[in-house]
Amino acid sequence: MAWGDDEERRFGGDEEEEELDENDYKTQKDAVLFAIDVSSSMLQPPPSSDNKKSDKDSAVTAALKCAYQFMQQRIIAQPKDMMGILLFGTEKSKFRDETGSRSGSGYPHCYLFTELDVPAAEDVKKLRELVEEGEDVDEVLVPSKEPVLMSNVLFCANQIFTTNAANFGSRRLFIITDNENPHGNDKQAKSSAAVRAKDLYDLGVAIELFPISRANKVFDLSKFYDDIIYRSPAEEADTSEGVKTSKSGDGLTLLNSLISNINSKQTPKRSYFSKMPFELAPGLTITVKGYMPLHQQKPARTCYVWLGGEQAQLAQSETVKIDSEARTVEKSEIKKAYKFGGEYIYFTPEEAKSLKELDSKVLRIIGFKPLANIPMWASVKKSTFIFPSEEGYVGSTRVFSALWQKLLVSEKVGIAWFVARKNANPVMVAIIPSGSLNDEDQDSTVPYLPAGLWLYPLPFADDIRNVDIKAPPKPANELTDKMREIIQNLQLPKAIYNPLKYPNPALQWHYKILQAMALDEDVPDEMEDLTVPKYKQIDKRVGGYLADWKEDLAVMAKEFMELRATKRELEEQEMELVERPRPAKRQKAAPGSTAGGRSSGHHMSNAELKAAWENDTLNKMTVAVLKDVLASKGISTTGKKADLLERLGAWIEENA
């Protein structure tokens, strides 16, 4: 279960508003119609340049390539969103197929190249042939000799949106043109176009302009498009440049940047739960929806496909249960049982269902605690983000906003009883508020996460282990200080890591294979993996520091080993002096004593053992003394004398 739904999205709330606008939390189904101007100037290739990175495509080709990339992304990223391509200023006219409600003559010089619909493989192939292979069989990219009326273009777009995407929450028209004044001094045509644009805005369609300038000439919006493009004052204040202009031959940088911002090839989003009753107090209940913003992306198989025939076909699966005699067992004959004490205890479906129903799905606050009382280690699962929903109780947004702001100001958390779904195991959660993204002191490192309330799962008493940590903190040394400098030089800009910028490479490869199979393309040899470290940049930034650090590490390691060897030798000598028996009390030599008068090899120092090994006198020691020496070193004492000598010699070589 991923965090979103086609109709749901998460964003931060507005600091200035008391209420959290529910529309900010929704991902609405999107319908995008590209309206591309096909004129002689738009079809003209850019001037030749010595720069290898300069674009060689005409403006129309660049726009179609952007639309092609946009279409590929939408198939996987937003599989229910619609997209279409409308060419205007063409010699040919086409609105619907012959079976449609209107003929092409209704909108002269408007050619509906791709119907506004969920992109299919055939649509992608058709657009690819035009863009990459340059196969314009129908000669659609032929400019008309007379100018096209923008009022017709906008009215055509109106009909397309009304017919195909009537209930879509987001509808956008992308106009790509280099003509700043398509009607010259014709005030009637300008007025008619402005009326059609107003109709689109009344319909809820947003018009986006992607102007293209030529020969460093500024695209003057005041001549025509200021009456077509509506921008709110807040939007104009945020963008000092207003509508950005692309230069001829630069590949429509603005549109490309728009496409690059679409996180392509991500898993379709859906909510974790919806219409969840949130009981703040007895008699006070609101409804919320929940999402899991941080979730591992995995390839999702939606159906089985049979590839045995000439064309791939969907396979329908059936499950049949049979007994030992290969007789089909009906569903009514099956009983569920639990094995207990060697016996099977049978339950009816109603009884088995009642065993799981500890509580209906609910989020119930049972108290409040200071935020400081919730430790970091208490997290047993990933947190769930919740936001208000007016579906169950009107006014939920206002109450939710008041709770969020109160918890944030008071630095408190709510402790709640939480059952996510029917038959789910109940858990205790802390309801933790996250600060506004505009607040530099809070959540500034996670711009991809929303501001609001989070359900933080807490462990039960049985989940907590008693771990006694007594190790004192180690003081920082010279190596730690130098490594801190290295790490600081490797930080991302503003020290912010956004996982949305690093798509799952395995998932991307999976989608690449699917795309190649659906479009009859060659399977790519390698994939783009943005998670691979940038080794050259790392070496450029900290290569010298790392080399110095490794040298310092080698010097300190050598000093430490020498110090450790000296300390061990001193400890062994001190132990020898303390434990060695006094000669005056010794009546006679113990069996197995050496020539030096020792009663046991246990008291030989490492230096003495090494000297005996080098002088080849270890074999003069008795088996009892050898076993005593080996036992003192923690080595096995089993076997013959030759085995004992071999083990002792190996130990002396490694340690003495």
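1. The terms used here are buried for under 20% relative accessible area, exposed for over 50%, and partly exposed in between, with a 1.4 Å probe and protein chains only. Please keep in mind that this is a predicted model, in which local features need pLDDT of at least 70 and side-chain atom pairs count only at pLDDT 80 or more, while totals for chains, interfaces and linings use all residues. Residues are numbered from 1 along each chain as its sequence is written, and side-chain values use heavy atoms, with hydrogens and water left out.

2. Next, the overall picture. The protein has 656 residues, of which 35% count as buried. It holds 15 helices and 17 strands; these are DSSP runs numbered from the N terminus, helices being H or I with at least four residues and strands E with at least two. Of the contacts (heavy atoms within 4.5 Å) between residues at least 6 apart in sequence, 71% join residues at least 24 apart.

3. Now the aromatic rings. How many aromatic pairs does a search of the whole structure find? There are twelve. Rings of Phe, Tyr and Trp (its six-membered ring) pair if their centres lie within 6.5 Å; planes under 30 degrees apart count as stacked, over 60 as edge-to-face and the rest as tilted. One of the pairs is Phe 34 with Phe 174: the centres are 5.4 Å apart and the planes stand at 80 degrees, so this pair is edge-to-face. Phe 34 belongs to strand 1 (residues 30-37) and Phe 174 to strand 4 (residues 170-177), so the pair ties together parts that are 140 residues apart in sequence.

4. Ring pairs join Phe 34, Phe 70, Phe 174 and Phe 210 into a cluster.

5. Two rings have a charged partner. A charge sits over a ring if NZ of Lys or CZ of Arg is within 6 Å of the ring centre and within 35 degrees of the ring normal. The charged end of Lys 126 sits over the ring of Phe 113, 4.6 Å from its centre. Arg 196 lies over the face of Phe 155, and here the distance to the ring centre is 4.1 Å.

6. On to the barrel. Seven strands close into it in the order 7-8-14-17-16-15-13, with mixed pairing. From one strand to the next, the twist averages 40 degrees; axes are lines fitted to C-alpha atoms, for helices over the stretch in contact, and angles run from 0 to 180 degrees between N-to-C directions. Two strands pair if DSSP finds at least two bridges between them. Strand 14 (residues 384-389) and strand 17 (residues 453-458) pair in the antiparallel sense over three bridges, and Ile 386 stands opposite Leu 453 in strand 17. Helix 9 (residues 396-410) packs on the sheet and touches strands including strand 7, strand 14 and strand 17; its direction makes about 135 degrees with that of strand 14.

7. Strand 7 (residues 273-281) and strand 8 (residues 284-291) pair in the antiparallel sense over six bridges, with Pro 277 opposite Thr 287 in strand 8. Their hairpin has two residues between the strands, and in it Gly 283 takes a positive phi near 85 degrees. Strand 7 and strand 13 (residues 362-370) pair in the parallel sense over two bridges, and Phe 278 stands opposite Leu 363 in strand 13.

8. A second hairpin deserves a look. Strand 11 (residues 336-340) and strand 12 pair in the antiparallel sense over five bridges, with Tyr 338 opposite Ile 345 in strand 12. This hairpin has two residues between the strands, and Gly 341 takes a positive phi near 65 degrees. Strand 12 (residues 343-347) is hardly covered: the count of buried residues among its five residues is zero.
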